[in-house]
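Visitor: I would like a close look at a single part of this model, and then at what lies around it. Please give the cut-offs as you go.

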Protein chains: 2
Amino acid sequence: MKKPPTVGIIGGGQLSRMLCLAATQLGIPTATLERKQNCPAATVSGRHLVGDWNTIEALRALRAESDLLTLENEFVEAEALEQLEREGAILRPGSDCLRTIQDKLLQKQSLQAAGLPTPDFQATDSRAELDGAAERFGYPFVLKRRRNGYDGKGNFTVEDQAMLDEGWSELDGENHPLFAEAFCRFQSEIAIMVCRSSAGPQIHYPAVETIQKNHICHVVKAPAALPSAVEAEAVRIANRAVSTVSGIGSVGVELFLTHDQTFLVNELAPRVHNSGHYTIDACHCSQFENHLRAILGLPLGNPGLVRPAAVMINLLGDGPGRSYPSGVAEALEVDGVHLHLYGKDRSQLGRKMGHLTVIGNSVDDALERAHRAAQPIRFIET
Amino acid sequence: MKKPPTVGIIGGGQLSRMLCLAATQLGIPTATLERKQNCPAATVSGRHLVGDWNTIEALRALRAESDLLTLENEFVEAEALEQLEREGAILRPGSDCLRTIQDKLLQKQSLQAAGLPTPDFQATDSRAELDGAAERFGYPFVLKRRRNGYDGKGNFTVEDQAMLDEGWSELDGENHPLFAEAFCRFQSEIAIMVCRSSAGPQIHYPAVETIQKNHICHVVKAPAALPSAVEAEAVRIANRAVSTVSGIGSVGVELFLTHDQTFLVNELAPRVHNSGHYTIDACHCSQFENHLRAILGLPLGNPGLVRPAAVMINLLGDGPGRSYPSGVAEALEVDGVHLHLYGKDRSQLGRKMGHLTVIGNSVDDALERAHRAAQPIRFIET
C-alpha cells in the first residue's frame, strides 16, 4: 500500500473524534460528516464536511473524499446507505448490518432466529396489540420504539394497566412502530466489545460491568466479576451475535445477567461503544484502533488489559453551560487519571461531555480513584 | 476555568502533532505555525498557520490565536521570542531558557557553572584557537557548531591533525561560531525526560538507554539497565540540569555513561523529545500530556511505566518516497505493537517518518517484538 486509504466517518461526535485520533496515530487520513461545523471531530479530521448524513447528497460528498466509509451511529437511513453501496461505495459495516440493527424488533428477531437468548418480545403495531402484549408479559413490561432510541430515549416502562394509554401516546404509537418486551429483572448489565475484521478474524475485549444512571452509561468496570464459565458464555453469545448481524469493526454487545446466571441479549451497537472507552487507556489496542484495523482488513490488535483492572466514568453535563468544565485541576491531582474531554460546543443536562479512565491492580482501587477524579468535574455556567 | 486556554505551538512537525493529539484528548484547543501547509500537525491542530516561525510577524499571528505559546524545537530565534515576551506573550519555556540551550557552548557553560559534569570543551572562535583545542584535547576530538545542530548535523569528529582544516571548512568556521569538545568514549547513552511545571513541581521519567545509528536515535530501551545508585545519580543530574536552564514543560536530558559509571551531560532539548516517545504507550501519563499540564500549571501526571519495560524504535525514511510505508500489515501482526506514523508529505533517507513502541515484561521481550515489527516497514518508492 503506497498511499493510505482515507476513512470517511459518517458523524462528527465524540466517537468520530476518538476514531480520528486513532487514525491519525496510524497515519490514516480521515474525513467526517456532521450537521454542523462545531462538533467534536471537526478539528481532528483531515476534512470536515457539514451536511445532513441522512441525505444521499451529503453521503455522496463524504464518499467523494474517502476510500471507504464507516459510521459512529446506527441511525443513518439504511436506504441511503444501500444506495451508496449500489453506487460502488465500500461501507463497513454494510447497509444490511445497519438495516438489521437499527430496527430493534428486527434485531431481536434475527438474534432469536440464531438461537440467541433475548427477553421475550412482540410487535405492537396497534393499540389493540399492546393490550395483547400486556396480557402476555404482565406488569411491568417495556414498550419501545423500533427505531432511533438511545440512552433510554424511546423506551417506556408500563407499570400497570392504567399506563397503557400513556405509554402508547408518549411514544406516539400511531406514527412510530413500537414493540413490547418483557421486563428483565437482571442482576447486572454486562457488555462485551467484539471486533470483527473485514478480512475474517474476530476478537473480543474482556466482559465488563456497566452501571447506568438515568438510562445512561455511568460507570464501566473492567473486567466484570464473573466466574470463568459464566464469562465464557457471555463471550460465546457476544461473538455469535456479531456474526449473526454481519457486524464489521467494533461492535458493542449489551447483555443482561439474570439472577440464575444466564444471559439475555439486550441490544447491539454496530460501532465503537461507550462501554469500550476504557480500552484507550487500559488495553494493548483500543476499540478505536481495532475498528480501523478491522475495516481496513489489517491484523487485529491485542484486546487484553495492560493492568489487571480499569474503571471508566462518563462525565455528563450538569446543565446548560460551557464545554470545558470546572474542577479539571482537582481531577488531575488524582494519580493515574486519564481525562478525555470531547470539546462539544455546549453542555446540556445529561449530555456526554467527556469521560475518564483509571487503571489499577483491582477494580476497587481503580473505582475509588475514578470517583475521586470525577467528583469535582462540573459542566455548568456558574 | 470556564474556557480552556488555546495552546499555540511553534512548529508543525511530529512533536507538534503528538502535542496536538494529547491536547485534544484533554479538551485543550491548539494552534500551530509551520512553514508549509502540508505538515504532520496541520490536520490535528485547531488552527494551522503557514509562516516562518523565525519571523516576528508569523509569531505574532500565532500569538493572536493563542493564550500561551510553546514550541517543538530549540531553533527559533531567541531574539524574536524575547520580543514576543516584551509584547506580553506568555511563552513556556521562556526565551531565556531557549537562548541558553540553543547555543550549545552557552548551554555547556551554564551546566558547568552549576557544577554539573560535562565533557571538556572550549570556544574555537578562530582557526588558531582550533589548534589550541587540538593540543588540549588530543585526537580524536569533536568540533561542533554552537547553533542549529541536530542528529549529528553540525558536528565533525577530528581524527588527526590533517583533518583540522577539513573540519574547519566543513562546518564553515569563518561564518559560524564553533566550539571544540573532548571525545567521550562512553559505555552507553542514557536519556531522562524531566517535566517541570510552571506552577513549581518537577517530575522525571525513568532513565532510558538510547542507541543511535548514524547519529539519529534508533532504539530506546526503558528502563535502562542501571544499578539503582547509578540511576539515582542520573536523575539527580537531569533534575538539576533542567532547573539550571529554567526549563518549563518536558525537557530531554541526554547523558553519556562513562566506563567508570559516572555521567557527563551531553545536551539538553527544551521540549518533548524523541527519547520520550515510548511514554505515550508505556507510561501512565505521556511526555506530551505532561508538557501540556506543566505549561498550563495543572498537576503533573504519573510518569511511571504501566508494564515493567518498553522499547521504542524510530522508523526512518529509506529514500525518497511516500509518507505511508509498505509493510504495515506485517508490522501489525506483531503482538502489542503501537505504530505511530507522522503523515509527512514525503520520505527522505534518514527522515523520521514514524516510530513504534512495544511494552512487555522485560526489555528483551519488548525489543524482540519491536524489531520484528519494524523490520518490514519501508518508506521508499518501489
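**One helix of chain B and its setting**

Guide: Gly138(B), with a positive phi near 70°, follows α6(B). Helices (H or I, at least four residues) and strands (E, at least two) are DSSP runs, numbered from the N terminus. The model is predicted: local features need pLDDT of at least 70 and side-chain atom pairs count only at pLDDT 80 or more, whereas totals for chains, interfaces and linings use all residues. Residues are numbered from 1 along each chain as its sequence is written, while chains are lettered from A and ligands numbered from 1 in the order in which they are written.

The helix α6 of chain B spans residues 127–137, and Leu130(B), Ala133(B) and Ala134(B) are buried in it. They cover an arc of only 100° around the axis, so they are on the same side of α6(B). The arc is taken from the directions from the helix axis to the C-beta atoms. A residue is buried if 20 or more other C-beta atoms lie within 10 Å of its own, exposed if 12 or fewer, and partly exposed in between, with C-beta atoms placed from the backbone. Ala128(B) and Glu135(B) are exposed, on the face of α6(B) turned away from its buried side. The cover over the buried residues of α6(B) includes β5 (121–124), β6 (141–145), β7 (155–158), α7 (164–170) and β8 (178–182) of chain B. Contact here means that the C-beta atoms of two residues, placed from the backbone, lie within 7 Å.

Next come the nonpolar cores, sets of buried Ala, Val, Leu, Ile, Met, Phe, Trp, Tyr and Cys residues joined through C-beta atoms within 7 Å. The largest has 206 residues, and Val253(A) and Val253(B) have the most contacts inside it. Apart from neighbours within four places in sequence, Val253(B) is in contact with Ala191(B), Ile192(B), Val194(B), Ala238(B), Ala241(B), Val242(B), Val265(B) and Leu268(B). There is a second, separate core of 14 residues, among them Leu143(B), Phe156(B), Phe179(B) and Ala180(B). In soluble globular proteins, nonpolar side chains tend to be buried together.

Ile190(B) is in strand β9 of chain B, residues 186–196. Ile190(B) counts as buried because it has 25 C-beta neighbours inside 10 Å. Beyond its neighbours within four places in sequence, Ile190(B) is in contact with Ala207(B), Val208(B), Glu209(B), Ala224(B), Ala234(B), Leu255(B) and Leu257(B). Gln348(B) is 158 residues away along the chain from Ile190(B), and their C-alpha atoms are separated by 27 Å.

The wider setting is the pair of chains. Chain A and chain B each give 36 residues to the contact. On the side of chain B that touches chain A, the elements giving two or more residues are α1 (14–25), α11 (328–332), β16 (338–341) and β17 (352–360) of chain B. That side of chain B has 16 nonpolar, 13 polar and seven charged residues, where Ala, Val, Leu, Ile, Met, Phe, Trp, Tyr, Cys and Pro count as nonpolar, Asp, Glu, Lys and Arg as charged, and the others, Gly among them, as polar.
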